[in-house]
Amino acid sequence: MSRGDLNISRWLEAHSDRSAGLTTFARNVILADVSGDGDYKLVLTDVRIQTDKRSRLKVYKGTLLTSDQVLPDVPSSVISFYTDDLEPRVPAVAVACSSDLLIFKNNKPFYKFCVPPGPLTPLEEECWKLFAEPNYDTQKLITDLKSVNFNQLSGRSQELLNLQPNQAQEYIQRYVGITPIKTSPIVCMSTLNRSSQDALAVACPVLGTEDGIIYVLDPQIFTVLHQANVCNVKSTPTIIKTTGMYDVEFRIVVACRENSICVLRRGWLEGKPVVQLNEDIIDLLLIPGDNFIIIGTTSKMLHCYTKRGQRVWSAATVNAITCLCLVPLKHLSTHLIAVGLKGGSVHLYHGRQTVDYTNSPDTPSAMVFGQLGQEEHVMVIITMGGTINFKILKRTADFNLSNQDKLSVPTLQSKPLPLPKRSKLFIEQSMRERQDPMQMHQSFQQDLVNLRLTAARALVQNLTEQSGAGNAEEQVKLSAQILGLGPKFTLILTLENMNGDKAVSNFSVVFHAKPTIYKLSSYLSTVPLIPPGLSYKLETKVTEVLKSGEEQLPGQAIRVFVIRKGQAHPVLAATINMPPTEITTLLL
């Protein structure tokens with residue numbers, strides 16, 4: 001990418017409001033069609049940590065604020081998802097506040113889901129029972145509570161330990177006789193499509209709690225469909241990304257506070273760590289299609305990993321990373337990575353290469369890209385100074401991806417594949433897959449297992465019934481030829497030395513057959529020295545044992561072993577299938 005290409009801006013400055021006074025974080029800004037009229041709006045949470053101010057849920061139509069609702073607690077994440085297939089298609093907006101999931105529809109409260117409470121520690125439960133006794137030692141019980149890890153206590157016990165000694169007695173009397181409930185706050189969220197990959201498909205909310213538990217909820221009745229631990233060790237999720245479909249196969253990628261990346265799959269009760277980093281994770285993206293995991297860290301590095309945890313590439317940034325944003329460009333059939341940097345720069349990456357950059361009024365704290373109103377490609381940037389900035393991608397912007405592909409992709413791969421047009425059969429098959437995806441997937445898995453079983457059986461048969469067998473280490477090849485119509489046969493074995501520089505010697509050939517079926521003229525033959533590149537033939541007479549009055553059996557097998565003097569294991573082993581005796585020869 002030349003300097004001249006970068007000087008040509010691919011972005012239009014649509015609007016910038018420095019007086020917005022917004023405070024938000026990554027994963028708290030989304031673009032959603034909250035009214036179901038095709039006019040996409042900006043939904044974000046204005047976070048307020050001060051005790052005298054309340055956080056708010058705000059909805060912008062274009063650049064105008066159209067909805068402003070007070071939230072009961074500090075929000076941690078915002079998502080939007082469709083709960084049903086009814087028309088008009090109106091998505092629900094879910095906001096995580098403490099241990100509650102507040103769900104809104106048409107900018108109005110719709111439902112509240114509470115995270116299932118966890119079990120109390122036996123010591124904490126016993127202490128609160130003793131608080132109800134008439135004569136109890138307050139200081140001793142508070143000391144017992146302090147012996148328990150702070151993060152394992154309920155919210156009531158945590159607040160009690162933070163009070164002054166003169167306030168503790170009044171606080172205890174307020175809750176005497178009421179058993180505390182241990183709830184875990186929701187720290188991150190995402191969505192997982194239920195049974196279709198369409199843009200308007202029904203999706204399940206996926207919640208991650210402080211205790212390291214992942215919940216997948218039913219989008220209609222809001223019950224827990226699946227529950228799993230993030231990892232087999234204590235890990236606190238901070239970012240969740242999903243791919244796949246819940247009813248078919250899915251993968252949940254979780255970034256943890258312990259600088260690890262864990263993966264959960266369908267049916268798993270706990271995740272598996274695939275990546276362990278030495279620096280803190282700032283943000284995480286999942287590239288659709290390739291399922292590459294993009295990680296931004298505090299060490300000014302951008303890493304790319306496969307879904308199995310193998311590093312693909314790493315790229316250094318000029319400044320510290322503050323947030324990441326996925327930039328899908330369907331008209332170019334690619335996905336770019338927008339990286340927000342300290343100082344107000346936003347760099348766009350295609351793989352490890354920087355293809356464009358733009359500026360924001362201040363250091364970005366959250367970014368989102370998608371459709372806003374009727375404009376398809378809009379980037380919204382919320383800065384740490386509270387400014388909201390709207391940028392529109394020009395329709396002529398191609399980021400010179402075609403030139404990059406010519407440099408990075410071989411000529412044969414850069415040509416488009418001659419794909420056929422969609423036939424009526426293809427469309428009918430697609431409809432079948434959409435109507436019953438689970439049965440289609442199970443049928444595919446069954447056929448795949450049968451194919452693997454058939455291949456394994458063929459391999460075993462090839463290993464046990466060898467003709468023309470060879471030994472790559474010894475560079476010796478054995479082949480067999482059978483002459484005759486029966487009951488007398490001539491078996492000719494050819495032992496070939498495939499080594500062009502070294503002769504082979506000290507070989508013997510052993511024949512093994514059932515004496516009730518075949519009799520051989522020789523069961524052991526010594527092979528002389530075979531010069532390089534030459535072969536040695538040996539003959540053995542085989543007579544089939546025929547008894548009068550018995551039904552003739554089909555042809556049986558004779559085992560042949562090539563052994564070397566002083567070795568316990570054979571050099572070569574082969575099975576020779578003998579042909580049945582022709583009936584016409586018995587009548588002569």
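**Entry 1: an aromatic cluster**

Is Phe81 buried or exposed? I looked up its relative accessible area, which is 2%, and so Phe81 is buried; the word buried stands for under 20% relative accessible area, exposed for over 50%, and partly exposed for what lies in between, with a 1.4 Å probe and protein chains only. I note at the start that this is a predicted model, in which local features need pLDDT of at least 70 and side-chain atom pairs count only at pLDDT 80 or more, while totals for chains, interfaces and linings use all residues. Residues are numbered from 1 along each chain as its sequence is written, and side-chain values use heavy atoms, with hydrogens and water left out.

I then searched the whole structure for aromatic pairs and found 6. Phe81 and Phe222 form one that is edge-to-face, with 6.4 Å from centre to centre and 70 degrees between the planes. The rule I used is that rings of Phe, Tyr and Trp (its six-membered ring) pair if their centres lie within 6.5 Å, and that planes under 30 degrees apart count as stacked, over 60 as edge-to-face and the rest as tilted. This pair links distant parts of the chain, since Phe81 sits in strand β6 and Phe222 in the loop between β12 and β13, 141 residues apart. For such elements I took DSSP runs numbered from the N terminus, with helices (H or I) of at least four residues and strands (E) of at least two. Ring pairs also bring in Tyr111, so that Phe81, Tyr111 and Phe222 are linked into a cluster.

**Entry 2: backbone angles**

Most residues other than glycine have a negative phi, and most peptide bonds are trans. With that in mind I wrote down Phe222 again, for its phi is positive, near 55 degrees, and its relative accessibility of 4% makes it buried. Ser98, in the loop between β7 and β8 (100-105), also has a positive phi, near 55 degrees, but at 30% relative accessibility Ser98 counts as partly exposed. The peptide bond from Glu87 to Pro88 is cis, with omega near -5 degrees, and Pro88 is placed in the loop between β6 (75-81) and β7 (92-97).

Lys41, in strand β3 (residues 41-46), is a charged residue by the classes I use, in which Asp, Glu, Lys and Arg are charged, Ala, Val, Leu, Ile, Met, Phe, Trp, Tyr, Cys and Pro are nonpolar, and the others, Gly among them, are polar. Lys41 is buried, with a relative accessible area of 7%. A polar atom of the Lys41 side chain lies 3.2 Å from the backbone oxygen of Asp39. The side chain of Thr24 reaches the backbone oxygen of Thr45 at 3.1 Å. Leaving aside neighbours within four places in sequence, Thr24 is in contact with Val29, Thr45, Val47, Ser365, Ala366 and Ile382.

Cys204 lies in strand β11 (residues 203-209) and is buried, with a relative accessible area of 0%. Among the residues that Cys204 touches, those up to four places away in sequence not being counted, are Ser190, Arg194, Val216 and Leu225. I also looked up Cys204 and Pro580, which are 376 residues apart in sequence and 65 Å apart in space, C-alpha to C-alpha.

I found 1 cavity of 30 Å³ or more in the structure, with a volume of about 70 Å³ for the largest cavity. On a 1 Å grid over the protein atoms alone, a cavity is a set of points where a 1.4 Å probe fits but cannot get out, whereas a pocket is an open set with protein on both sides within 12 Å along at least five of seven lines, and lining residues have an atom within 4 Å of a point. Grid points are joined across faces, edges and corners, and a volume is the space filled by probe spheres set on the points. The lining of the largest cavity includes Val34, Val59, Gln69 and Lys105, and β4 (56-61) and β8 are the elements that give two or more residues to it. The lining of this cavity divides into 7 nonpolar, 3 polar and 1 charged.

The second largest pocket has a volume of about 580 Å³ and is lined by 31 residues, of which Asn151, Lys182, Ser184, Glu210 and Asp211 lie nearest its centre. Two or more residues of its lining come from each of α4 (155-161), β12 (213-217) and β13 (224-229). By class, I noted 11 nonpolar, 15 polar and 5 charged residues in the lining of the second largest pocket.

Conventions:
Polar contact = N/O pair within 3.5 Å; in protein donor to acceptor, adjacent residues only side chain to side chain. Contact = heavy atoms within 4.5 Å.
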